[in-house]
Amino acid sequence: MRVLKFGGSSLASLPRFADVVQIVQQQAATSPVCLVLSAPQGVTNMLVELTDLAYLGADYQPELTALAERYQQLLLEATHLTAEQVSTVAVLWQQQLAKLALHLQGISLLRHCPDHIKAQILGLGEQFSVALMTALLQAKQLHAVALDAVTLIKSQGDYLNASADIASSEQTLQQAITNQTAAVYVIAGFVSSNSQGEPTLLGRNGSDYSAAIVAASLRANACEIWTDVDGVYSADPRQVKQTRLIDRLSYDEAMELSYFGAKVLHPKTIGPLARYQIPCYIKNTLNPAAPGTCIDSNGDGEALVKGISSLEHLALFTVSGPGLKGVVGMASRVFASMARAQISVSLITQSSSEFSISFCVSQLYLSLAKKALEQEFELELQTGLLRPVSILADMAIVSLVGDGMRQHRGVAAKFFASLAQARVNVVAIAQDSSERSISAVVEQAVCKDAVRVCHENFFSHIPSIDVFLVGCGVVGAELLAQIERQQAFLQQRQVKLTVYGIANSRQLLLVKEGINLADWQSGLGQSQASFSLAALTEFVRQQHLTNPVLVDCTSDEGIASQYVDFLAAGFHVVTPNKKANTASLNYYRQLRLVAQQQRRRFLYETTVGAGLPVIDTLQGLLNAGDELLAFEGILSGSLSYIFGELDAGASLSEVTGRAKAKGFTEPDPRDDLSGMDVARKLLIMAREAGMQLELCDVETAPVLPADFDASGSVDDFMARLPLLDAAFSQRVAAAKAEGKVLRYIGEIHQGKCRVAIKALTQAHPLASVTAGENALAIHTRYYQPIPFVLRGYGAGAAVTSAGVFSDIMRTLSWQQQV
């Protein structure tokens with residue numbers, strides 16, 4: 001005998017009923033089958049809605065009519081049934097509806113629905129499924145017999161959430177099978193009866209439990225749970241992408257997963273099956289050839305972790321105070337009060353000092369549980385032996401499950417590191433002595449984030465980077481092009497980099513599936529939204545993104561002033577914008593403090609050397625115990641180009657015009673010629689070396705003489721610039737006469753910073769730097785008298801964007817520590 005259970009999703013329409021018939025037909029060819037059925041999809045929900053409407057005194061007639069039409073439509077589509085078979089099923093549902101209408105009328109008049117009446121109403125859908133399925137099987141010439149679950153499956157406990165009475169069910173079911181020989185026995189799930197013969201329910205979605213009861217009572221060879229997925233997955237596929245199908249589970253693992261929220265199995269299902277060592281298979285009605293998941297006593301002990309599940313809508317209660325410590329029986333009183341109130345406890349944890357006991361219950365029972373505790377400990381609360389009961393609502397439990405956890409060290413550490421990575425605060429922890437599962441109580445709002453990051457670290461091993469770009473000018477646009485080109489490389493590295501947001505000074509584009517980088521301009525142009533921290537934070541929250549990265553490719557001071565807020569909100573910040581690192585020293589320190597506190601990265605390698613690893617090199621030297629003695633560098637690619645061309649005989653106005661046309665300078669060349677860009681870069685280097693300086697402490701001599709009129713528009717400025725050509729030509733010639741060249745240098749010496757034009761000998765390391773190159777000579781205790789020199793292109797969108805891209809990839813370092 002094999003027991004096959006089909007849920008509501010497998011009975012959603014007549015074609016689905018037909019799929020079930022085909023599966024049963026194949027199975028019945030080799031051994032007898034007992035078929036356990038749920039109500040057609042949505043019918044139980046309709047019955048709940050009808051009961052609620054009647055209880056509230058509302059008009060339930062439209063919903064009742066919709067239920068009748070649902071039944072009628074299913075029957076009308078069963079065209080291959082005989083007239084007699086159709087009549088039999090039609091009479092049943094018409095009788096059901098008549099009985100239902102009487103019950104609803106009584107509920108509406110009394111504004112009361114006793115549990116025993118509710119149990120009769122909510123179990124009607126399964127009985128319709130049995131009648132229709134029996135007729136369909138008989139139409140296929142299968143000897144099918146309908147069994148009455150209400151009389152045959154025995155239970156005990158309350159009317160709506162009863163527990164199986166296996167001993168009594170065994171007698172009644174075996175007797176029924178003995179009296180009626182058939183190829184297929186069809187029986188309703190969810191419903192049963194107590195010792196008085198009154199209808200009871202086995203808990204919502206309890207048809208799985210029914211199947212286990214039948215399988216245990218009949219000592220079946222196997223119990224098959226047929227649903228709309230291929231088996232049990234490593235996490236809920238609705239919450240987590242790239243979940244893995246689990247081939248085998250032990251009974252204990254399956255029980256843990258189902259108890260802590262796995263939706264494929266009813267929590268009570270495993271108990272009867274494990275007791276009689278009956279294997280259980282989870283299979284897909286829409287893909288019957290798939291092997292599914294096997295649950296038995298062996299499982300697969302080699303796998304470290306089998307699954308991650310979550311249980312939401314909980315309240316965490318904490319009973320604490322000196323009256324608990326060393327007092328025998330206090331814990332038993334806590335849970336006895338819950339038992340008397342018929343409240344199930346989901347998780348228990350106790351401090352080693354015996355000062356407090358915490359436990360979780362369904363949030364539906366929050367008020368009832370609070371009342372039960374306050375009544376039980378009324379005297380202790382009044383005298384101060386116990387503190388007022390602490391209650392945290394809107395909580396959830398995230399659980400890691402796997403028999404293999406017992407043989408491996410560091411699983412718990414990795415679990416909690418994953419929760420920290422997701423920026424999830426752990427409120428309580430529980431682990432049993434079997435080490436089969438470990439659970440953490442977290443806020444429900446971040447539960448999905450916790451599950452996703454844990455699954456990423458234990459299963460998929462594909463870290464994610466969630467990019468939000470601000471500033472899509474030359475550098476920003478090039479960065480997007482590089483990201484698009486590098487997708488194949490990222491896939492090889494098993495990194496998922498998605499651009500979710502792009503903003504300019506006027507508009508913000510957010511796409512929950514990720515932006516199509518081949519056509520981002522049109523999407524941004526049509527957007528009506530504008531950039532703000534609130535907009536990005538809400539988007540991240542709604543999409544449950546766990547590694548958001550703000551990439552600022554602007555030179556905007558206003559955006560730079562918000563970096564602390566973005567870091568505090570959980571964003572990494574990557575930027576070539578120098579404004580934040582050259583703002584006040586207090587802000588500079590605050591950025592690093594908040595980044596450290598929030599475990600976020602603030603990365604700005606491109607602020608000094610574009611694509612050159614300047615800051616990383618300096619930090620590496622300092623971290624190794626070296627000390628910066630002096631520094632000098634050509635830190636502006638645009639000025640490197642200009643002064644190199646001056647050496648070649650070009651005039652200042654001519655070469656500045658060419659540099660502007662090539663995009664080497666800012667749109668307004670005065671920004672480069674003022675020397676402030678170099679001064680900011682030099683200040684960043686000084687601060688990285690530990691110098692406590694402000695921007696005003698950097699002595700800056702601009703390229704342009706102080707008496708030159710640099711006012712007006714860009715065009716006006718460029719028109720007046722030839723007035724300086726002769727003076728600059730003379731300076732270049734004078735330097736040549738001494739065997740020197742002019743370069744615009746930033747230098748740090750004896751704790752002071754200076755930016756100015758400097759004449760260098762041909763032997764100087766920076767003398768040959770031209771054509772847009774940057775070069776830096778770092779003098780340290782280890783590197784003297786010959787300095788550590790870095791040299792390469794420091795101007796241009798490609799190298800700057802590449803440096804930004806590299807920093808974006810470095811945000812993975814927090815995840816790779818897990």
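These questions and answers go through a predicted model, in which local features need pLDDT of at least 70, side-chain atom pairs count only at pLDDT 80 or more, and totals for chains, interfaces and linings use all residues. Residues are numbered from 1 along each chain as its sequence is written, and side-chain values use heavy atoms, with hydrogens and water left out.

Trainee: Which strands stand at the edges of the open sheet of eight strands?

Mentor: The order in this open sheet is β3-β6-β2-β1-β9-β11-β12-β10, with mixed pairing, where two strands pair if DSSP finds at least two bridges between them. The twist from one strand to the next averages 20°. Each edge strand has a single partner, so one side of it is left without a neighbour in the sheet, and the strands in that position are β3 (144-147) and β10.

Trainee: In which sense do β1 and β9 pair, and what stands opposite K5?

Mentor: Strand β1 covers residues 2-6 and strand β9 residues 222-227, and the two pair in the parallel sense over five bridges. Within this pairing, the residue of β9 that stands opposite K5 is I225.

Trainee: At what angle do helix α3 and helix α6 pack?

Mentor: Contact (heavy atoms within 4.5 Å) brings Y71, L74 and L75 of α3 together with L124, G125, F128 and L132 of α6. The residues of this contact divide into six nonpolar, one polar and no charged. The axes of α3 (residues 61-77) and α6 (residues 124-139) lie 12 Å apart, and the angle between the helices is about 10°.

Trainee: How is that direction described, roughly parallel or roughly antiparallel?

Mentor: Angles run from 0 to 180 degrees between N-to-C directions, and those under 35 degrees count as roughly parallel, whereas those over 145 count as roughly antiparallel. The packing angle of α3 and α6 is about 10°, which makes α3, relative to α6, roughly parallel.

Trainee: Is S250 buried or exposed, and which side chain joins it in a polar contact?

Mentor: S250 lies in strand β10 (residues 248-250) and is buried (under 20% relative accessible area), with a value of 4%. Leaving aside neighbours within four places in sequence, S250 is in contact with I295, D296, S297, G299 and D403. A polar contact is a pair of N or O atoms within 3.5 Å, one able to donate a hydrogen and the other to accept it; at 2.7 Å, the side chain that joins that of S250 in this way belongs to D403.

Trainee: Which residue takes a positive phi in the hairpin of β14 and β15?

Mentor: Strands β14 (residues 345-350) and β15 (residues 356-362) pair in the antiparallel sense over five bridges, and V345 stands opposite V361. Five residues lie between the strands of this hairpin, and the one with a positive phi near 65° is E354.

How values were computed:
Helix = DSSP H or I, 4+ residues; strand = E, 2+ residues; numbered from the N terminus. Parallel < 35°, antiparallel > 145°, perpendicular 65-115°, else oblique. Nonpolar A, V, L, I, M, F, W, Y, C, P; charged D, E, K, R; others polar. Buried < 20%, exposed > 50% of the residue type's maximum accessible area, 1.4 Å probe, protein only.
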